Amino acid sequence: MDYTLLNDGKTRISGLSLGTWSYADVSLWGSCDRDSAVATLREAIERGINLIDTAERYGDGRAEQVVGEAIAGRRDKVILADKIYSSHLRHDDVIAACEASLRRMKTDYLDICQIHWPNPDIDPDETFDAFEELKVRGKIRMVSVCNYGLSCAETLRGRNVVLNQMPYSLIWRLAEEQLSPVLEEEHIPVWAYSPLAQGLLTGKFRTPEDVPMNRRANRMYDSKWGVGRHTDHGFEQDIFAFLDELRRLSGENGLSMSALAFGFLKSRKCVGSILTGCRSIAQLEANLDAYEASVPGDLLEKLDALSGTLKAKMGKNADLWENGVNKAGSEGRIF
Ligand SMILES: NC(=O)c1ccc[n+]([C@@H]2O[C@H](COP(=O)([O-])OP(=O)(O)OC[C@H]3O[C@@H](n4cnc5c(N)ncnc54)[C@H](OP(=O)(O)O)[C@@H]3O)[C@@H](O)[C@H]2O)c1
């Protein structure tokens with residue numbers, strides 16, 4: 001496993017990291033096998049993955065409880081990143097949310113406390129003042145954000161933010177259009193979430209109908225399925241045509257589709273860690289193998305061109321879930 005130094009100058013995060021949304025027992029992911037989730041988290045830590053992402057929002061704390069069980073006795077091996085939801089960004093709510101999360105995970109501190117989604121109605125000074133208070137009290141070590149695109153990244157200047165989670169994969173490259181210069185100037189890497197496009201890039205789904213219904217909620221899929229919050233037509237035809245091409249390249253080069261997906265993200269300068277989800281040790285092992293595989297430069301160029309053509313058909317809205325117009329006048333909640 002390779003590690004990246006954060007801008008605090010001392011914390012090294014693993015290049016592959018593990019998310020826990022699918023451990024939340026929510027309809028999008030279906031039921032969670034808790035024993036398998038705990039075993040997967042523990043195996044990941046054993047195999048050198050030190051960065052774990054969770055959120056109060058995931059099943060109203062259920063994913064945090066799974067994390068708490070998994071990290072018991074191993075806390076010092078983990079960089080624990082939790083998220084506070086956008087409706088909890090007022091001073092007192094931040095403090096209360098953090099304390100409740102710590103209780104659920106049976107730990108004294110978070111390594112990284114993140115803003116799950118920006119909230120343009122709340123003065124960032126209020127939220128970051130609360131973070132400073134939590135730091136002084138030893139409850140959190142660092143702060144971080146998610147889904148901060150061009151319309152709001154300027155508010156991060158001078159706040160010692162360490163990472164910015166964005167949806168980023170071969171299929172969903174729209175984050176590239178939302179990389180504010182602030183990120184580079186403040187040395188804030190992208191923490192790329194949904195790197196396998198919620199399973200599509202493993203190659204296991206051949207048609208949109210193969211994808212579990214509740215997973216067809218995001219803007220990759222047509223709103224006709226009636227399970228998401230957006231009203232777009234989605235990009236299913238283009239995405240599945242792209243996946244066919246990717247499958248062909250995978251076969252020709254003896255590398256799994258996931259290896260190509262991770263290899264592409266590893267080659268992007270802006271990415272600090274790749275945040276995948278694994279339901280089982282078998283998926284974790286497959287993803288570790290895929291992460292460690294080496295993708296040659298000429299193949300990376302082909303992937304760039306092929307996925308670039310797909311990206312060009314998708315417009316500018318990097319928000320995976322919504323197509324409303326935000327306060328800054330651009331499409332999506334925040335991008
Ligand atoms: N900040 C945010 O707003 C935000 C938003 C979304 C996600 N996240 C974080 O990012 C994490 C990762 O996102 P993601 O879960 O969408 O990541 P992903 O890696 O794109 O998809 C993970 C899912 O794909 C399937 N999968 C993974 N590896 C596989 C394998 N080897 N073989 C077959 N299927 C496999 C599994 O689901 P099945 O087995 O059910 O198919 C797994 O749960 C989340 O857990 C969460 O922590 C953050």
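**Reading a barrel, a helix residue and a ligand shell**

Tutor: Start with Asn287, which is found in helix H8. Helices (H or I, at least four residues) and strands (E, at least two) are DSSP runs, numbered from the N terminus. This is a predicted model: local features need pLDDT of at least 70, side-chain atom pairs count only at pLDDT 80 or more, and totals for chains, interfaces and linings use all residues. Residue numbers start from 1 along each chain, as its sequence is written.

Student: Is Asn287 buried or exposed?

Tutor: Count C-beta atoms, placed from the backbone. A residue is buried if 20 or more others lie within 10 Å of its own, exposed if 12 or fewer, and partly exposed in between. Asn287 counts as buried because it has 26 C-beta neighbours inside 10 Å. Of the 335 residues of the protein, 49% count as buried.

Student: Which residues does Asn287 touch?

Tutor: Two residues are in contact if their C-beta atoms, placed from the backbone, lie within 7 Å. Leaving out residues up to four places away in sequence, Asn287 touches Ser258, Thr276 and Cys278. Leu16 is 271 residues apart from Asn287 along the chain, yet their C-alpha atoms are separated by 8.9 Å.

Student: How do the strands pair up in the barrel?

Tutor: Two strands pair if DSSP finds at least two bridges between them. Here eight strands form a closed barrel, S3-S4-S5-S6-S7-S8-S9-S10, with parallel pairing. Neighbouring strands of this sheet are turned by 30° against each other on average, direction ignored. Those angles use axes, lines fitted to C-alpha atoms.

Student: How many bridges join S5 to S6?

Tutor: Four bridges join strand S5 (residues 79–84) to strand S6 (residues 110–115), and the two run parallel. Lys83 stands opposite Gln114 in S6.

Student: Which residues come nearest to the ligand?

Tutor: A residue is near a molecule if its C-beta atom, placed from the backbone, lies within 6 Å of it. There are 27 residues around the ligand, and Gly19, Trp21, Ser194, Gly199 and Gly277 come nearest. Strand S10 (271–277) and helix H8 (281–292) each supply at least two residues of this shell.

Student: What is the overall build of the protein?

Tutor: The protein has nine helices and ten strands. Its radius of gyration is 19 Å, close to the 20 Å that the globule rule gives for 335 residues, so the protein is as compact as a globular protein of that length. The radius is taken over C-alpha atoms; the rule is 2.2 Å times the number of residues to the power 0.38.

Note on methods:
Axes fitted to C-alpha atoms, helices over the stretch in contact; angles between N-to-C directions.
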